[in-house]
Amino acid sequence: MPTPETETRAQPGLGAAAKGVAEHASAIARLEIELATMELKKKVAALGLGIGLLAGALALVLYGIGFLFATITAALATFLPVWLSLLIVTLFLFAVAGLLAYLGQRYVSRGSPPVPNQAIDEAKLTTQALKGNGNR
């Protein structure tokens, strides 16, 4: 027959239960951190491989563009002197580069300074409206 003394020893107290819950929570947190670390390592590895492959593709595209212009030059050289066909392709490239630089400069000037003016104005109006409603 259990006595009150043996009953309290047989059943864990509230402190022991809280300690067990804290240990389980700590173990779960460690496992979740380990899972997140493993997942991030996997994603970073895939991202690195993808960036490397894209860089290789970009290099090949640049070489392809160079060969495209060489082909255009060779095609022009069939009925023009070689120096003239090279000059035409070079001037075309400089014209396209100038146009891109002009358009890029226009977009950069539109975007600078990079301050969200509309959002700032809306935040000021919201703050004023809240202050006005709080005073009434």
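**Close-up views of the H2–H3 packing**

**View 1. Helices H2 and H3 pack at an angle of about 140°.** H2 covers residues 14-76, and H3 covers residues 82-111. Their axes lie 8 Å apart. H2 is therefore oblique to H3, since only angles over 145 degrees count as roughly antiparallel. The crossing of the two helices is right-handed. The model shown is predicted.

**View 2. Residues of H2 meet residues of H3.** H2 contributes Phe69, Ile72, Thr73 and Leu76. On the H3 side stand Ser85, Leu86, Ile88, Val89, Phe92 and Leu93. Eight residues of this contact are nonpolar and two are polar. No charged residue takes part in the contact of H2 with H3.

**View 3. Thr73 of helix H2 and the residues around it.** Thr73 belongs to H2. Leaving aside residues up to four places away in sequence, Thr73 touches Ser85, Leu86 and Val89. Ser85, Leu86 and Val89 are also among the H3 residues that meet H2. Thr73 has a relative accessible area of 10%. Thr73 therefore counts as buried, because the cut-off is under 20%.

**View 4. The whole protein chain, for context, holds four helices.** The chain has zero strands. From the N terminus on, its elements run α-α-α-α. The protein chain has 136 residues, and 3% of them are buried. Its accessible surface comes to about 11,900 Å². Carbon and sulfur atoms account for 72% of that surface.

Terms used: Residues are numbered from 1 along each chain as its sequence is written. This is a predicted model: local features need pLDDT of at least 70, side-chain atom pairs count only at pLDDT 80 or more; totals for chains, interfaces and linings use all residues. Side-chain values use heavy atoms; hydrogens and water are left out. Axes are lines fitted to C-alpha atoms, for helices over the stretch in contact, and angles run from 0 to 180 degrees between N-to-C directions. Angles under 35 degrees count as roughly parallel, over 145 as roughly antiparallel, 65 to 115 as roughly perpendicular and the rest as oblique. A crossing is left-handed if the near helix is turned anticlockwise from the far one by less than a right angle, and right-handed if clockwise. Contact means heavy atoms within 4.5 Å. Ala, Val, Leu, Ile, Met, Phe, Trp, Tyr, Cys and Pro count as nonpolar, Asp, Glu, Lys and Arg as charged, and the others, Gly among them, as polar. Buried means under 20% relative accessible area, exposed over 50%, partly exposed in between (1.4 Å probe, protein chains only). Accessible areas come from the Shrake-Rupley method with a 1.4 Å probe; for residues, only the protein chains shown count as cover.
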